[in-house]
Amino acid sequence: MRSSRIRTIRTTLTATAALALVLSAPLAAPAAVPDAEGGGSGQAPKAPEAAALTWSDEFDGAAGSAPNAANWNHETGGGGWGNNELQTYTDSRENSALDGNGNLVITARRNGSGYTSARMTTKGKVQPKYGRLEARIQIPRGQGIWPAFWMLGGQFPNTPWPDSGEIDIMENVGYEPHIVHGTLHGPGYSGGNPITGSYMHPQGWSFADTFHTFAVDWQPGSITWSVDGVAYQTFTTANTGGNPWVFDQPFFFILNVAVGGNWPGNPDGSTQFPQSMVVDYVRVYDSQL
């Protein structure tokens, strides 16, 4: 399933499986964590105001300038990325640039018969271990559009996926505009069989309508997901079904917008391009760097 280039296999759920996931996922209640089997703490995440800022990228800079190379790498190329995706990732300012208003903009564009986009990582540059990790993002919209804010274990690719571990802080597929997903992939729970749950917009509105803050609170043996300060799931070592918990190590961030693929399906006549993911900031609190 992995091509000759180093690529990460992403979730490969069918539409039916995705619907089942939504129906089985815990729904959020204000300031409460659903009691995931073996993992619910019943505690809301620590507010960022009470935590020490360890690292951040506020994406300040001139309009049209590149993201800070001290923080971000660009992964480039096409070939499906393990999920039959359609885009080719580039390091062009057409696909990733600061907007001059304190935001990073990752833009997926139609390019003739294909698509271009950007995939940026902090591998080897910023690799937190534990803490509160969050980003304020306005996601793109449309059938076949797949934005994500996620992480891979810092030893990848020397430790291959899924043994390296993957933490999906936020994923959205365009046919579910009102739902975001939070997921763990590891040995024995990966691909179409991850440890996962979903959060539905409280009003049922599209997450693309405005900015939202997507976060995890990560401790040894435990990770809690939240949206706009509302915690909606906690997974712990008790949730791996006896398989190894591989999340007590440094991880690096990934921001990308994919087009098409096994999970979101391909764009159709309703999909408008370009589509942009606008990132206000990425912040790390109380972490070991």
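1. Aromatic cluster. Tyr 130, Tyr 189, Trp 218, Trp 245, Phe 247 and Phe 251 are joined into a cluster by ring pairs (Phe, Tyr and Trp rings, the six-membered one for Trp, with centres within 6.5 Å; planes under 30 degrees apart are stacked, over 60 edge-to-face, the rest tilted). The model is predicted, with local features needing pLDDT of at least 70 and side-chain atom pairs counting only at pLDDT 80 or more, while totals for chains, interfaces and linings use all residues. Numbering starts from 1 along each chain as its sequence is written, and side-chain values use heavy atoms, without hydrogens and water.

2. The structure holds 15 aromatic pairs. In one of them, Trp 146 and Trp 263 are edge-to-face, because their planes stand at 85°, with ring centres 5.8 Å apart. Trp 146 lies in strand E9 and Trp 263 in the loop between E16 and E17, 117 residues apart (strands are DSSP runs of at least two residues, numbered from the N terminus). Trp 146 is buried at 1% relative accessible area and Trp 263 at 3% (buried is under 20%, with a 1.4 Å probe and protein chains only).

3. Phe 247. Its ring pairs edge-to-face with Trp 245, at 5.0 Å between centres and 75° between planes. Phe 247 has a relative accessible area of 0%, Trp 245 one of 14%.

4. Core. The largest nonpolar core has 51 residues, and Phe 247 is among those with the most contacts inside it (a core joins buried Ala, Val, Leu, Ile, Met, Phe, Trp, Tyr and Cys residues through side-chain atoms within 4.5 Å). Strand E16, residues 251–259, gives the most to this core, with five residues.

5. The charged end of Arg 283 sits over the Tyr 281 ring, 3.6 Å from its centre (the criterion is NZ of Lys or CZ of Arg within 6 Å of the ring centre and within 35 degrees of the ring normal).

Conventions
Buried < 20%, exposed > 50% of the residue type's maximum accessible area, 1.4 Å probe, protein only. Helix = DSSP H or I, 4+ residues; strand = E, 2+ residues; numbered from the N terminus.
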